[in-house]
Each structure stands twice: as structure tokens, then as C-alpha cells.
Amino acid sequence: MALQLSHAVSDGIRRTLTRTGGILFVGFLAIQFGFQAAVNSTVLGYLPPEAAAQFSRNAGLALPISGSAGLALFGVLILLSSMYFVILSRTFAQPLSEMSTFPAMATQRLGRATVTALVGGLIVNITVMIGFVLLFFPGLFFAASFLFFIFAIAVEDRGIISSLKRSWGLAHGSRLKLGVLVVVSALFGGIIGGVTPLLNLAGAPVAADIATVVLTTVFFLPYYAIIASAYCQLRDGGNVPDRSTSKPVNTSQVSEL
């Protein structure tokens, strides 16, 4: 059945404006600040001393660590980010009436789901990037088709290939509306790409990094909640009432869409 995008948007926003959504917001904010500092610290650490001294004036948020330590921190944050999105997917996919707490399954088989999400995310990102490089519309098509792969992994406990197939099937018939979400996220990226250089030119690199992190978090947390709501709607056969479950779905009882 076709996706009711307006309901997904309103429902996603309601999921974000809950106590649990607030906790997820703080977690997302911390991860984004960590990534920004790790990248800047790594660049500074690997530059020659003369270049590092000049770059440090425009580096923004950075830690007093070596380049190798910054790179190691970046790697740790990638794993933490993958783990975070597994928990986020499981939390936002639970019934709205239960959003005051995290679901009991939030940390079940977390290690396996984290690795699967990390590898699957790499495959999706490469596929989408190739699609955009070769021609814009294939990239948009793939991005819309694989929006739900993380939910298939986190909520339904699927493997990489199965989650990609599941996302592809759920998106069938709703790719145009899902493409709207992809385009909106790209437009937001363009806005960030315009704000940050302006603050850097104004001589405020730290403010530029803070603005980037905060604006990214403010936009993308509701964005993922909207995708979660769309996933629940399509998973449950396109029914608007919130009937999502906090337990992994028995796929033998769910018809492929």
C-alpha cells in the first residue's frame, strides 16, 4: 500500500518530542561533536608543524592529541555511531504510546546488529554514491529504496542481503514519496554547506563547527523518526494507526510489499 507521507512526518515529529527522543538527541549531539573534533584533530596531527600552526587558527573544534590518536577516535566513533543507530531504529519503531522509555529489545544482539549495520551502511553508501556520480536519478532511486535497511537489521534482526531486499520491497510503490525525503535531506546539506563557510570567513571556526553539529542534529533526528514512522506504516500494510511492535517481526507473517 502507498505511504501516507503527511502522517509519517507528523508522527515522526511527535516521536522526537518525547523524553526518549530528548535522550536520543543528546546522544546524537555528542557523537556529532566527537566526529567533528576527531576529524580536525586528525588533520592537525598529521600536518607538518608549520602548516599545523597555521591551520589551527581555522581548525575549529579540536583535541590536543596526535594524528594517530585522532584517527583511532574516529574509528571508535564510527562503531559507536553504528550502535547508536541500531538503538535509535529500535526505539523510534516502537509504538508512540511507549516512547517514554526505551524498548526492552534496545540492546538485544547489539554487537551483531552493529556490525551488520556498519557493513550494510557501507554497501548502501557506495551504491548510492555511484548512482549519483553516474546519473542523479539512479542515486535518488537507490537512496529511496534502501532507506529502511537499518530498520530491517535492527528491528527484524535480518542479515545484510536480507535487509537490503526487505528495504527494497517495503519501498516498492512509495519510492517517489521517499525520494522527497531524500531530496529534503540533500537540500539541508546544501544549507549547512553555505552556513559553515560564512562563519569561517567571519573568523569564527569554532562557532562554525558548533552551528554545523547543532543544526545537523536538530534536522536529522526528526528525519530518522519520520523514516521510522514510514517504515512502521509500510511494514504494517500501510495502516495509519500505530500498531508497531517492539519485538522483531516474524517475517513469515508479513506479506512482502
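Arg109 lies in the loop between H4 and H5, where helices (H or I, at least four residues) and strands (E, at least two) are DSSP runs, numbered from the N terminus. The structure is a predicted model, in which local features need pLDDT of at least 70 and side-chain atom pairs count only at pLDDT 80 or more, while totals for chains, interfaces and linings use all residues. Residues are numbered from 1 along each chain as its sequence is written, and side-chain values use heavy atoms, with hydrogens and water left out.

**The chain as a whole**

The protein chain holds 10 helices and zero strands, and from the N terminus on its elements run α-α-α-α-α-α-α-α-α-α. Its radius of gyration is 19 Å, close to the 18 Å that the globule rule gives for 257 residues, so the chain is as compact as a globular protein of that length. The radius is taken over C-alpha atoms, and the globule rule is 2.2 Å times the number of residues to the power 0.38. Along its principal axes, the C-alpha trace spans about 65 × 40 × 30 Å.

Buried residues make up 47% of the 257 residues; here buried means under 20% relative accessible area, exposed means over 50%, and partly exposed lies in between (1.4 Å probe, protein chains only). The chain exposes about 12,200 Å², of which carbon and sulfur atoms supply 72%, with areas coming from the Shrake-Rupley method with a 1.4 Å probe. If we take contacts (heavy atoms within 4.5 Å) between residues at least 6 apart in sequence, 74% of them join residues at least 24 apart. The mean positions of the 15 positive and 9 negative charges are 5 Å apart; Lys and Arg count as positive and Asp and Glu as negative, with His and the chain ends not counted, and each charge is placed at NZ of Lys, CZ of Arg, CG of Asp or CD of Glu.

**The nonpolar core**

Which residues touch the most other members of the largest nonpolar core? They are Tyr84, Phe92, Phe148, Leu178 and Tyr231, in a core of 55 residues. Such a core is a set of buried Ala, Val, Leu, Ile, Met, Phe, Trp, Tyr and Cys residues joined through side-chain atoms within 4.5 Å. The largest share of this core, 12 residues, comes from helix H10 (residues 205-235). When residues up to four places away in sequence are not counted, Tyr231 touches Ala93, Phe148, Phe151, Val155, Glu156 and Leu170.

Most residues other than glycine have a negative phi. Arg109, however, has a positive phi of about 50 degrees although it is not a glycine, and it is partly exposed, with a relative accessible area of 39%. Asp157 also has a positive phi, of about 60 degrees, and is not a glycine either. The place of Asp157 is in the loop between helix H7 (149-154) and helix H8 (160-171), and with a relative accessible area of 25% Asp157 is partly exposed.

Arg112 itself is partly exposed, at a relative accessible area of 44%.

**Further residues and their distances**

Thr127 is likewise found in helix H5 and, at 25% relative accessibility, counts as partly exposed. Beyond its neighbours within four places in sequence, Thr127 is in contact with Phe142 and Phe146. Leu96 lies in the loop between helix H4 (67-92) and H5 and is partly exposed, with a relative accessible area of 25%.

Is Ser145 buried or exposed? Ser145, in helix H6 (residues 136-145), is buried, with a relative accessible area of 0%. Its contacts, again leaving aside neighbours within four places in sequence, are Ser167, Trp168, Ala171 and Arg175.

| Pair | Apart in sequence | C-alpha to C-alpha |
|---|---|---|
| Arg112 and Met83 | 29 residues | 9.7 Å |
| Leu96 and Ile210 | 114 residues | 31 Å |
| Thr127 and Leu77 | 50 residues | 23 Å |
| Ser145 and Trp168 | 23 residues | 4.9 Å |
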